Amino acid sequence: MTGKLTARNIVLGGRVQGVGYRPFVHRIAGRFGLAGDVSNTAGQVLIHVEGASDAIARFETALITDAPGLARPKVLSSTPYAPRHAADFVIRKSTSATAGDAHVPPDLFCCPDCLAEIQSPSERRYRYPFCNCTQCGPRYTIIRDLPYDRVNTAMDRFEMCPACRAEYEDPFDRRFHAQPLACPDCGPELTFVANGNQCVGNEPALSATLDCLRDGVIVAVKGIGGYHLVCDASSDAAVMRLRARKVRPDKPLAVMFPQSGADGLDMLRAYVRLTAEEAAACLDPARPIVLAARRPDSSLSTALAQGLSELGVFLPYSPLHHLLLEGFGGPLVATSGNISGEPVITEIADAQSRLADVADAFLHHDRPILRPADDTVMRVISGVPRLLRAGRGQAPLELYLSHPLPEPVIAVGGHLKNSVALGWGQRVVVSSHIGDLDSPHARDAFARMIEDVQALHHVRARHVVCDNHAGYASTKWARGSGLPVTEIGHHVAHASALAGEYPDMQRWLTFTWDGTGLGDHGSIWGGEAFLGAPGDWRRVASVRPFHQLGGDRAAREPWRSASALLWEAGLQWMPPVERAALAKEAWQKRVGTVQTSSIGRLFDAAACLVMGLSETSYEGQAAMMMEAAAKPQPGATAFPIKRDEDGLLVIDWADVLPALMDKTRSVETRAGLFHEGLAQALVSQVLMLQDGNGFDAVGLTGGVFQNKVLSERVVALLAERDIPAFQHRQVPTNDGGLAFGQIVEFAALRQDAAV
Ligand SMILES: [Zn+2]
Ligand SMILES: [Zn+2]
């Protein structure tokens, strides 16, 4: 060594665990001839380094610039320290988690090195379904506690064989300290079960599964974050059987394709049209399901996404999925193994009993899944991939607040598409998608997730934030939790979720369009716009309210919304259902009706009037079918805007109804007119509110903005007028983003109270 011996202590935060960061530090210390040690604490990497000061400086730079691809290191502190005259550089055992600064790494897709290994007959992990290394493999779904060490994961039950241990302990091996590391001799194994017969062993189980799939059989396959129901995506019979058994007549089914070609997307491109952004989204490290336009000539079953032009597609992400897809040689349906809307099933016994009527066969493995992580879903809107569901590979989402919270808080989200969030200091961690909270199973999973997110981060919430709807299971849980409760209005939470993603923006005009959320005086909102910022929102625009017939049933029966609009407008109409006269009488007497300003229900009504859709089988179906049908109608006029007695600017839908019912025009034209009229109406509201209200940006949030046609048209119309519009980039625009918004709003309210 040249120069005087100096030493520094360096602390790094960010994503530095579960991504091969400590071995990397060890390697670069070697490269610069430095001594010392590196260790993990809860969420941080601590380095003591000794050597010449210029070498240490270059080492510090390399800690960031040369970091492994999946790491996101941040230097938290770097201080001079007394040299210990260490002989070499070592990796120390982790110290146990103390403070709540742990970062849980997400599950990672099978890296190219591991993929090459499972395809190479000379490797000892040839065709091994659980191959992984420091750059890939499960994390979030197998971590029991932090720090991230093998004893704290679901892999602790597997004793490493001598060959694996040698790799684990060799600093120059790519499996050095790879916690889930395993091989055919010592790691997890597949078991195939059908008709009461069991077949243990990776190769026999795989080949039995492939035989089943080729015969059109439905197999429940245990993956990374839960089970999939898998069948041949080109077989109408198999797909229809799956639909009938899952009691899922219409809801789209995701399709997984074998990875092929230079970027892995060749086969996928033969079935769907991918834009550059959609291709990039397919290759995102989360390997999400991406919505893409299906090719009309594709040989896939038409029953996969009836009435829709897009298909959810994705690549295999674990070695097991690669082996299955390669073995099958074509696209496979891979839809969540759950009961309608519930969390994805993770336990073998649960799968065997609860999926018994759906799957003919089961492919299990014995690596436990400690928490569910459904597949992540993305849709590219305005050129940016937007999360529709945050799950495997994305969860837990990590976000930051611009001001620290006074105390740790748990936000319990909404009722549908539920996820929960834990906030403390300036950090917010959002759980994976849990599901709809209609069943006891779902509510159990929800309660477990609340406990889990606190235990994992060693943070105990002292306050709970929830929706203001008393009927939501999440609100009921909050009220029974024993903690102080703050209720946040549904649409205010949406607006704050968006604002929380763009902390530099001071003042917003935010449109929170969705299907349903509780408003004032027991009314249901869903077409509102708010002016202001978190902690200080004022409702300034809405939709002309109407009396929705049948309460919650309206969402599944579009004829109810259509009838309400037509009757409200004084038009003659009898819905195409048996009990029409009775329904009209109930509506006139306001029996079982609720006042609403929901854009979601407007979409329902339009789908009934334009397409004759009177019943649906899944949430959002009417709007999705309208979107799929819509042909651009740039010349269409806006829905008129009127000012109501409270000074709110309301969108009036009445004048548009005759055009929607005009059968001399095609379904495509009318669906297009509806989208264009709404987009123009939103822009009219923006322009009318511009005077005297001063806002920096227009925000678009709420489930309605999952609609790409509508969102992109609004953004384009605003761009023509140089008005910036923002949508979510980090949390879902649907109710999956509510929990984050609840925390942002709570933080702002507390901040204001403290001033
Ligand atoms: Zn790997
Ligand atoms: Zn081994």
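Predicted model: local features only at pLDDT ≥ 70, side-chain atom pairs only at ≥ 80, totals over all residues.
**Around Gly312**

- Gly312 sits in strand E13, which covers residues 310-314.
- Leaving aside residues up to four places away in sequence, Gly312 touches Leu253, Ala254 and Val255, and also Ile289, Val290 and Leu291.
- Gly312 and Ala679 are 367 residues apart along the chain, and their C-alpha atoms are separated by 26 Å.

**Nonpolar cores**

- Which residues have the most contacts inside the largest nonpolar core? They are Phe511 and Trp513, in a core of 139 residues.
- Another core lies apart from that one and has 47 residues, including Ala194, Leu206, Leu323 and Leu325.

**Cysteines**

- If you're setting up bonds, note that a search of the whole structure turns up zero disulfides.
- Cys114 has a relative accessible area of 0%, so it counts as buried.
- Cys161 is buried too, at a relative accessible area of 11%.

**Helix H4**

- H4 takes in residues 162-169, and Cys164, Glu167 and Tyr168 are buried there.
- Looking down the axis of H4, you'd find its buried residues within an arc of 100 degrees, so they line one face of the helix.
- As background, an α-helix has 3.6 residues a turn, so residues three or four places apart point the same way.

**Glu627 in helix H17**

- Glu627 belongs to helix H17, residues 621-629.
- Is Glu627 buried or exposed? Its relative accessibility is 9%, so Glu627 counts as buried.
- Glu627 touches Arg379 and His675, plus Asn707, Lys708 and Val709, with residues up to four places away in sequence not counted.

**Helix H20 and its ends**

- Two of those Glu627 contacts, Lys708 and Val709, fall in helix H20, which runs over residues 708-720.
- The 13 residues of H20 should span 18 Å at 1.5 Å a residue, and the end C-alpha atoms are 18 Å apart, so the two agree.
- Asn707, also in contact with Glu627, caps the N-terminal end of H20, with a side-chain oxygen 3.1 Å from the backbone nitrogen of Val709.
- Buried residues in H20 are Lys708, Leu710, Ser711, Val714, Leu717 and Leu718.
- Just after H20 comes Asp722, with a positive phi of about 60 degrees.

How values were computed. Residues numbered from 1 in each chain as written. Chains lettered and ligands numbered in written order. Heavy atoms only, no water. Disulfide = S-S within 2.5 Å. Buried < 20%, exposed > 50% of the residue type's maximum accessible area, 1.4 Å probe, protein only. Helix = DSSP H or I, 4+ residues; strand = E, 2+ residues; numbered from the N terminus. Contact = heavy atoms within 4.5 Å. Arc of directions from axis to C-beta. Expected span 1.5 Å × (residues − 1). Polar contact = N/O pair within 3.5 Å; in protein donor to acceptor, adjacent residues only side chain to side chain. Core = buried A, V, L, I, M, F, W, Y, C linked by side-chain atoms within 4.5 Å.
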